[in-house]
Amino acid sequence: PTVADFEDGLFLSQSLHLADEMAAASANHPSVIFFGFFNEGQSHDAGPATAAAFSAMAGRLRERSGGTRLVSWGSSATV
C-alpha cells in the first residue's frame, strides 16, 4: 500500500475488516504462529496516516488473536 492508501478511510476500513476475517478463520489453528499485514507497505513514511494505519492493524490483530500470536508486517524500507 502507498501513503495515499493509508490516507483513504475506505482502504483502512476494508483492511481492518480483512484482518477480522483472517483472525477469525485462523486464530485457533495450531500452525498459525503470526499474523502479517501490509506487505511492502510504506512503513518508512512518518506521516500521521501511515502511523495510524499500522497501529490500527497491529492493534486489531493483537486484539482478535487474544495476544496469542505474533504480529508483523512487510516493509518497503531498505535496512
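Colleague: Is Gly66 buried or exposed?

Modeller: Gly66 is exposed, because its relative accessible area is 60%, where exposed means over 50%, buried under 20% and partly exposed in between, with a 1.4 Å probe and protein chains only. Keep in mind that this is a predicted model, in which local features need pLDDT of at least 70 and side-chain atom pairs count only at pLDDT 80 or more, while totals for chains, interfaces and linings use all residues. Residues are numbered from 1 along each chain as its sequence is written, and side-chain values use heavy atoms, with hydrogens and water left out.

Colleague: Where does Gly66 lie?

Modeller: Gly66 is in the loop between H3 and S2; helices (H or I, at least four residues) and strands (E, at least two) are DSSP runs, numbered from the N terminus.

Colleague: Next topic, the rings. How many aromatic pairs are there?

Modeller: The structure holds 9 aromatic pairs, where rings of Phe, Tyr and Trp (its six-membered ring) pair if their centres lie within 6.5 Å, with planes under 30 degrees apart counted as stacked, over 60 as edge-to-face and the rest as tilted. One of them is Phe37 with Phe54, whose centres are 5.9 Å apart and whose planes stand at 50°, so the pair is tilted.

Colleague: Which parts of the chain does that pair link?

Modeller: Distant ones: Phe37 is in strand S1 (residues 34-41) and Phe54 in helix H3 (residues 48-64), 17 residues apart. Both Phe37 and Phe54 are buried.

Colleague: And what about Phe54 and Trp73?

Modeller: Their ring centres are 5.7 Å apart and their planes are at 70°, so Phe54 and Trp73 form an edge-to-face pair. Because Phe54 lies in helix H3 and Trp73 in strand S2 (residues 70-75), this pair ties together parts that are 19 residues apart in sequence. Phe54 counts as buried because its relative accessibility is 9%, whereas Trp73, at 40%, counts as partly exposed.

Colleague: Which residues do ring pairs link into a cluster?

Modeller: The cluster consists of Phe6, Phe11, Phe37, Phe38, Phe54 and Trp73, linked by ring pairs.

Colleague: Switching to helices, how do the axes of H2 and H3 cross?

Modeller: The axes of helix H2 (residues 9-26) and H3 come within 9 Å and cross at roughly 20°, the axes being lines fitted to C-alpha atoms over the stretch in contact, with angles from 0 to 180 degrees between N-to-C directions. That makes H2 roughly parallel to H3, a class for angles under 35 degrees, with over 145 roughly antiparallel, 65 to 115 roughly perpendicular and the rest oblique.

Colleague: Which residues make the contact?

Modeller: On the H2 side they include Leu12, Ser15 and Leu16, and on the H3 side Ala53, Ala56 and Met57 are among them, where contact means heavy atoms within 4.5 Å. The residues of this contact divide into 9 nonpolar, 1 polar and 3 charged, with Ala, Val, Leu, Ile, Met, Phe, Trp, Tyr, Cys and Pro counted as nonpolar, Asp, Glu, Lys and Arg as charged, and the others, Gly among them, as polar.

Colleague: Is Ser15 buried or exposed?

Modeller: Ser15 is buried, with a relative accessible area of 10%. Leaving aside neighbours within four places in sequence, Ser15 is in contact with Phe38 and Met57.
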